[in-house]
Amino acid sequence: MNDIELASIYTRAGVPDEEITKAFCITEKMLIKNLIKKTPVGVTTKICDKASNAKTQETKNEQSAIRFMKSRRWTVFFLLQNLIWTMGRWKSPQLKQFINEYNPDVIFTVLSDSIPLNKLILHLKKITGVPLVLYAWDNNYSLKRIMFSPLKWINHFMNRRMMRKTANAADVMYVISDVQKNDYEKSFSRECKVLTKGENFDGDEISNGDLNKPLQLVYTGNIGMNRWKSLAHIANVLERINVNGIKAQLRVYTGNDVTERIKNALQKENSSFLMGSVSAQKIVEIQEKADILVHVESTDIKNRLLVRQSFSTKLVDYFHQSKCIVAYGPKDVASISHLIKNDAAIVADSEKELEEKLNEIVENTDLIKEYGKKSWRCGKKNHQRKDIQAMIRDDINRIAFN
């Protein structure tokens, strides 16, 4: 969308993506320094500084600390962050100057469960007076979750309160799935629109060539949140299918850290292979050569509730490849529900059903080409990039310029 210019206010070390025209950074480190030494809070960052900034030891240390805290997600970290922002003087002259100079037409941001970010969003809305567009994609408001710590529940209710304030201030709210749309429209008593990743689906579906022998199943992406256990179910099923000859194989490409337990579960002689991490460009080539692309969700109750509203943007890449998709996971999770609703994949939610479906594919390979076409049609119907851009453009024009 070339006629839209983006500026960013962000709260992490480093510099933003190249698509950003102008950026302003506020970090917890700046807020602490301000409390101790009265140093200014916030700095305008230059995109051309990206290479040099990324190499500084200070930035690396800060990013390393953030990665550590994100991986642990201990409640005390979030409470400490809230305290720093409550005490910190982040409503600085530098922030006001940045806003005045940039003079935005619209604030477009994520509806997160971060209290500091929600305070920042509401402050920006107040001082600019421009429309606010929110985009929710994580299941961070729902009470349907498993947490045994009273401290976590206290933190969650505090987060929900700020999320509601921010949602009430929005002029437009986007969500990532139909499941989240239904939930959020009830929770916030307002209209929500589904917004997902788009691709170019002009023309007819891609014609795939001859199938591999044995059939090649490929999974690319995150195996965290126990998704690796779902992949292990597929590996176990393929072992049984291949007992009298190799008919189908699974290859898993992921950048996640892999334990011995995961390695043992996914490395199955001639049936399943753990391939490690590859570049984004290489992923496209791997997907193009596959016969079947695999999508999985967690089946355990805790992770199932966490991903229930989420939609995997990787599926849009799968649709664009016009490949047969095999999906394994709970049928009430948004991504699986989307595939079922559009008949865009061969879906199973138990290991028994998975074995039946994979046996059926092996015996009747015509299903692979049939579901490759259905995959493309789902993309064309629901994820056409120009349609998604038209929706965003129309909404922004309506709230900002009418």
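Student: What are the ground rules?
Tutor: This is a predicted model, in which local features need pLDDT of at least 70, side-chain atom pairs count only at pLDDT 80 or more, and totals for chains, interfaces and linings use all residues. Residues are numbered from 1 along each chain as its sequence is written, and side-chain values use heavy atoms, with hydrogens and water left out.

Student: Salt bridges, then. How many salt bridges are there in the whole structure?
Tutor: The search of the whole structure gives 21. A salt bridge here is a side-chain nitrogen of Lys or Arg within 4 Å of a carboxyl oxygen of Asp or Glu.

Student: Which residue does Lys125 pair with?
Tutor: Its partner is Asp171, and the closest N and O atoms are 3.0 Å apart. The pair links distant parts of the chain, 46 residues apart: Lys125 is in helix α6, and Asp171 is in the loop between α7 and β6 (172-175). Helices (H or I, at least four residues) and strands (E, at least two) are DSSP runs, numbered from the N terminus.

Student: What about a bridge inside a helix? Where do Asp395 and Arg398 lie?
Tutor: Both are in helix α17, three residues apart, about one turn of the helix. An α-helix has 3.6 residues a turn, so residues three or four places apart point the same way. Asp395 and Arg398 form a salt bridge, the closest N and O atoms being 3.1 Å apart.

Student: Why does Asp395 count as buried?
Tutor: Because its relative accessibility is 4%. Arg398, at a relative accessible area of 41%, is partly exposed. Salt bridges that share partners join Lys193, Asp395 and Arg398 into one network.

Student: Switching to the surface. Which residues gather in a patch of positive charge?
Tutor: Lys91, Lys119, Lys126, Arg161 and Lys165. The elements that give two or more residues to the positive patch are α6 (115-128) and α7 (150-169). Patches are made of residues with over 30% relative accessible area and no salt bridge; like charges are joined within 9 Å, and nonpolar side chains (Val, Leu, Ile, Met, Phe, Trp, Tyr) within 5 Å.

Student: Take Lys126: buried or exposed?
Tutor: Lys126 lies in helix α6 and counts as exposed, because its relative accessibility is 72%.

Student: Which residues form the nonpolar patch?
Tutor: Ile32, Leu35, Ile36, Leu80, Leu83 and Met87, with about 560 Å² of accessible area together. The elements that give two or more residues to the nonpolar patch are α1 and α4 (75-87). Ile32 lies in helix α1 and is partly exposed, with a relative accessible area of 38%. Accessible areas come from the Shrake-Rupley method with a 1.4 Å probe; for residues, only the protein chains shown count as cover.

Student: What span does helix α16 reach?
Tutor: Helix α16 (residues 366-382) has 17 residues and reaches 25 Å from its first C-alpha to its last, close to the 24 Å expected at 1.5 Å a residue. The expected span is 1.5 Å times one less than the number of residues. Buried residues in α16 include Leu367, Tyr371 and Trp376.

Student: Now the backbone. Which peptide bond is cis?
Tutor: The one from Lys213 to Pro214 is cis, with omega near -5°. Pro214 is in the loop between β7 and β8.

Student: What is phi of Lys38?
Tutor: Near 60°, a positive value in a residue other than glycine. Lys38 sits in the loop between α1 (28-37) and β3 (43-45) and is exposed, with a relative accessible area of 61%. Met225, also not a glycine, has a positive phi of about 55°. Met225 is in the loop between β8 and α9 (227-241).

Note on methods. Lys, Arg positive; Asp, Glu negative; His and termini not counted. Charge placed at Lys NZ, Arg CZ, Asp CG, Glu CD. Buried < 20%, exposed > 50% of the residue type's maximum accessible area, 1.4 Å probe, protein only.
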